[in-house]
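Please look over the sequence and the model shown here. A short report follows.

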Amino acid sequence: MDPANVHRDFMHAAMEQARAAMAEGNMPIGAVVVHDGRIVGVGRNAIDNPRDDTHHAELRAIQPAGSFLAAHKHECTLYTTLEPCMMCLGAIVNVAIDTVFIAAPDSHVGALNLLPHSAYYRRKLEGMRIVTGVLEAESQALLSEYVRMTGWRPHLARGAA
């Protein structure tokens, strides 16, 4: 099987979570945690409905799989439809996710460029693989639709700075 297709398939699973988040009145972000070709954690954004600023997709995918992740450090991959914020990226690094696939960048809240400034996280990032752009157009289209529908978070719309 073509590895690129496998990554697209898992990102499609994250996109399903993003669509479900939007159907529930939330910003469309989804995430899945994968180990040995099997999804072991799923999450979707739920910060708007009901209101809880800690219910980010990545955290909601990681937390239920916490014991599993502790037993399988550096063996799991996370797929997320939007570049993680500092809170989520910190969690991803601390549970020792091995590889992170990110669909769309977030120039406003995304934290990929922030972590290397901390000596602790710089050490933790050594060996972690980060791949961007898998299904970027699909994720970006969903984010742009969300902005168009709600008027919220305009920085996420296609072409926003």
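Which residues does Thr 77 touch, not counting residues up to four places away in sequence? The answer is Val 32, Val 33, Val 34, Ile 97, Thr 99 and Phe 101. A contact here means heavy atoms within 4.5 Å.

## About the model

This is a predicted model, in which local features need pLDDT of at least 70 and side-chain atom pairs count only at pLDDT 80 or more, while totals for chains, interfaces and linings use all residues. Residues are numbered from 1 along each chain as its sequence is written, and side-chain values use heavy atoms, with hydrogens and water left out.

## The overall fold

The protein chain has six helices and five strands. Their order from the N terminus is α-β-β-α-α-β-α-β-α-β-α. Helices (H or I, at least four residues) and strands (E, at least two) are DSSP runs, numbered from the N terminus.

The C-alpha trace spans about 40 × 35 × 30 Å along its principal axes. A compact globule of 161 residues would have a radius of gyration near 15 Å, and the protein chain agrees, with 15 Å. That radius is taken over C-alpha atoms, and the globule rule is 2.2 Å times the number of residues to the power 0.38. Take contacts between residues at least 6 apart in sequence: 57% of them join residues at least 24 apart.

## Inside and surface

Of the 161 residues, 48% count as buried. Buried means under 20% relative accessible area, exposed means over 50%, and partly exposed lies in between (1.4 Å probe, protein chains only).

The protein chain exposes about 7,900 Å², and carbon and sulfur atoms supply 54% of this area. Accessible areas come from the Shrake-Rupley method with a 1.4 Å probe; for residues, only the protein chains shown count as cover.

Strand S1 covers residues 30–35. Six of its six residues are buried, so S1 is largely enclosed by the rest of the structure. Both faces are covered. Gly 30, Val 32 and Val 34 are buried on one side, and Ala 31, Val 33 and His 35 on the other.

S1 runs antiparallel to S2, with six bridges between them. S1 also runs antiparallel to S3, joined by five bridges. Two strands pair if DSSP finds at least two bridges between them. Val 33 shows both links: its bridge partner in S2 is Gly 41, and its partner in S3 is Leu 78. Thr 77 is also found in S3. At 16% relative accessibility, Thr 77 counts as buried.

## Backbone details

The hairpin of S1 and S2 has two residues between the strands. There, Asp 36 takes a positive phi near 50 degrees. His 74 has a positive phi of about 65 degrees although it is not a glycine. His 74 sits in the loop between helix H3 (66–71) and strand S3 (76–82). Leu 135 is not a glycine either, yet has a positive phi of about 60 degrees. Its loop lies between strand S5 (129–132) and helix H6 (136–150).

Leu 135 counts as buried, at 15% relative accessibility.

One more detail is a cis peptide bond. This bond joins Asn 49 and Pro 50, with omega about -5 degrees. Pro 50 is in the loop between strand S2 (38–44) and helix H2 (57–62).
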